[in-house]
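Please look over the fold and the charged contacts of the chain shown here. The report below takes them in turn.

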Amino acid sequence: MLNKKYLFIRTDRIGDFLLSAILIKSIKRSDKNSIITVIASKKNYNYIKKFSFIDEVIEYPTHIFDRFSLYLNFFLKKYYMVAALDGKKRSIYLCIITNSKIKILCTYKKFYKNIFKFFFSKIYLDDESPSKIYEIKDILNNLNYQLIDSDL
C-alpha cells in the first residue's frame, strides 16, 4: 500500500497551528504510514519542527524568487490531501496548483467560498461551524477517520 501524503499550509501564528495540530495528529494516528508536510511561517517553523507526528516542515519563503521556486516545486508534487488551514490567498493558490485528490480550504471570507468553490473538495467558512473542533471532526469524517480524546 502506498503512503498517503498530506500537505497542510499554516503560515500564521503558533496558537492557530495548535488547533491544526489536533487534526494533523489524528490523521497520523489513523494512518500510521501517512507522510505529513506542513508549510509554516517563519514564526512557527522551529516550533512545528518539534512535533513528532509531522514528517517535514517547510518555511514559507519571504523572498519573491524563493516563493516562485516553492510554487513550482509543489506544482510537480502529488498529494492525497492538501489543506489551506490559514485561509490566506497565498495558501489558496498553492493548494490550487498542487496535484491532490482532496483539497480543503478553511476561511473566514464568504467571498473566497464563492470564487474558489470549483477548486476545492470542501470549503469551511468560520461562521458556518459551531467551533473549530466541529470542522476538524468533519474533515476527519470525510477521510473516514475519527477524533479521539488523546488527539486533543
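Predicted model: local features only at pLDDT ≥ 70, side-chain atom pairs only at ≥ 80, totals over all residues.

The salt-bridge partner of K132 is E135, with the closest N and O atoms 3.2 Å apart. E135 has a relative accessible area of 3%, so this residue counts as buried.

Both residues belong to helix α6. They sit three residues apart, about one turn of the helix. D126 joins them: D126, K132 and E135 form a network of salt bridges.

## Salt bridges between segments

How many salt bridges does the structure hold? The count is seven. One of them pairs K28 with D55, the closest N and O atoms being 2.7 Å apart. This pair links distant parts of the chain. K28 lies in helix α1, while D55 lies in the loop between α2 (42-48) and β3. K28 counts as buried because its relative accessibility is 15%, under the 20% cut-off. D55 is partly exposed, at 43%.

K113 and E128 form another salt bridge. Here the closest N and O atoms are 2.7 Å apart. K113 lies in helix α5 (residues 110-115), and E128 lies in the loop between β6 and α6 (132-142). The pair therefore ties together parts that are 15 residues apart in sequence. K113 has a relative accessible area of 24% and is partly exposed. E128 is partly exposed too, at 46% relative accessibility.

## The sheet

Which order do the strands take in the open sheet? The six strands run β3-β2-β1-β4-β5-β6. Their pairing is parallel. β3 (56-59) and β6 (122-125) stand at the edges. Each has a single partner strand, so one side of each is left without a neighbour in the sheet. From one strand to the next, the twist averages 15°.

Strands of a sheet pair through backbone hydrogen bonds, either parallel or antiparallel.

## Strand β1 and its partners

Is strand β1 mostly covered or mostly open? β1 (residues 5-10) is mostly covered, with five of its six residues buried. On one side, β1 is joined to β2 (residues 35-40) by six bridges, and the two strands run parallel. β1 also pairs with β4 (residues 78-84) in the parallel sense, over four bridges.

Single residues show how these pairings line up. Y6 stands opposite I36 in β2. In β4, the bridge partner of Y6 is M81. F8 has V38 as its bridge partner in β2.

V38 stands opposite V57 in β3.

β1, helix α1 (residues 14-30) and β2 make a β-α-β unit. What is the handedness of that unit? The unit is right-handed. β2, α2 and β3 make a right-handed β-α-β unit as well.

## Before β1

N3 lies in the segment before β1. N3 is partly exposed, with a relative accessible area of 40%. N3 and S30 are 27 residues apart in sequence. In space, their C-alpha atoms are 13 Å apart.

## A nonpolar surface patch

Which residues make the nonpolar surface patch of about 490 Å²? They are F68, L72, F75 and L76. L72 is found in helix α3 (residues 64-75). With a relative accessible area of 45%, L72 is partly exposed. That value clears the 30% cut-off for membership of a patch, so L72 can count towards the nonpolar surface.

Technical notes:
Residues numbered from 1 in each chain as written. Heavy atoms only, no water. Buried < 20%, exposed > 50% of the residue type's maximum accessible area, 1.4 Å probe, protein only. Pairing = 2+ DSSP bridges. Right-handed = clockwise from strand over helix to strand, strands pointing away. Patch = residues over 30% accessible without salt bridge, like charges linked within 9 Å, V, L, I, M, F, W, Y side chains within 5 Å. Areas by Shrake-Rupley, 256 points an atom, 1.4 Å probe, with all protein chains shown as cover. Salt bridge = Lys/Arg side-chain N within 4 Å of Asp/Glu carboxyl O. Axes fitted to C-alpha atoms, helices over the stretch in contact; angles between N-to-C directions.
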